[in-house]
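Reader: I am new to this structure. Please show me how to read a few of its features.

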Amino acid sequence: MALLEILEYPDPRLRTVAEPVAAVDDAIRKLADDMLETMYAAPGIGLAATQVDVHRRLLVIDISEDRSAPLVFINPEILTAAGSAKNDEGCLSVPEIYEAVERAEQIRVRALNRAGESFEMDADGLLAVCIQHEMDHLEGKLFVDYLSDMKRRRLKKKLAKARKREAGAGARQAL
Ligand code: NI
């Protein structure tokens, strides 16, 4: 396995819309494994292929405390969405920034797993937030896009300062 470089906002490559995965082959499985390793090392709880500059519809998630529940979603689709909830989100591509974003509270998602088999899953809470956040990445969208222009300008300044500091990994979870 290998650690991959994570693109950081405002890198324009994060705006690329990902293409569907045509076949779940060994190359895709290696990408999923490398993405999981990269996500755990960051550390984060979710990572989309877009963030490692591979523009295919693939994301990995593990919201467990002990890295025991890796999930791979290939060509994910949201089948149903209900309710709404506002939660603080962070992102490995937007280091040290956490802001509240409103999203659907419960979703049902369909995707292919690492073996190329179709599955459906109901998600709520942090998992629902994480799936929606990562699926946005595949559309070239970032959580900061939901914020007001004024707030985003402030974030850009804060981010520039944070980069200068090159602070270590924060204690909070990034997606
Ligand atoms: Ni993210």
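The dialogue below goes through a helix, a core and a ring pair.

Author: Keep in mind that this is a predicted model.

Reader: How far apart are the end C-alpha atoms of helix α2, and what span should its 14 residues have?

Author: At 1.5 Å a residue, helix α2 (residues 125–138) should span 20 Å, and its end C-alpha atoms are 21 Å apart, which agrees. After α2 comes Gly140, with a positive phi near 80 degrees.

Reader: Is α2 mostly covered or mostly open?

Author: Mostly covered: 12 of the 14 residues in α2 are buried. Among them are Leu127, Cys130, Ile131 and Glu134.

Reader: Which residues is Ile61 in contact with, leaving aside its neighbours within four places in sequence?

Author: Its contacts include Phe73, and also Leu127, Cys130, Ile131 and Glu134.

Reader: How many aromatic pairs are there?

Author: The count is 1 aromatic pair. Phe73 and Phe119 form this tilted pair, 5.6 Å centre to centre with 50 degrees between the planes. Phe73 lies in strand β3 (residues 71–82) and Phe119 in strand β7 (residues 118–124), so the pair ties together parts 46 residues apart in sequence. Phe73 is buried, with a relative accessible area of 0%.

Definitions and conventions:
Residues are numbered from 1 along each chain as its sequence is written. This is a predicted model: local features need pLDDT of at least 70, side-chain atom pairs count only at pLDDT 80 or more; totals for chains, interfaces and linings use all residues. Side-chain values use heavy atoms; hydrogens and water are left out. Helices (H or I, at least four residues) and strands (E, at least two) are DSSP runs, numbered from the N terminus. The expected span of a helix is 1.5 Å times one less than its number of residues. Buried means under 20% relative accessible area, exposed over 50%, partly exposed in between (1.4 Å probe, protein chains only). Rings of Phe, Tyr and Trp (its six-membered ring) pair if their centres lie within 6.5 Å; planes under 30 degrees apart count as stacked, over 60 as edge-to-face and the rest as tilted. Contact means heavy atoms within 4.5 Å.
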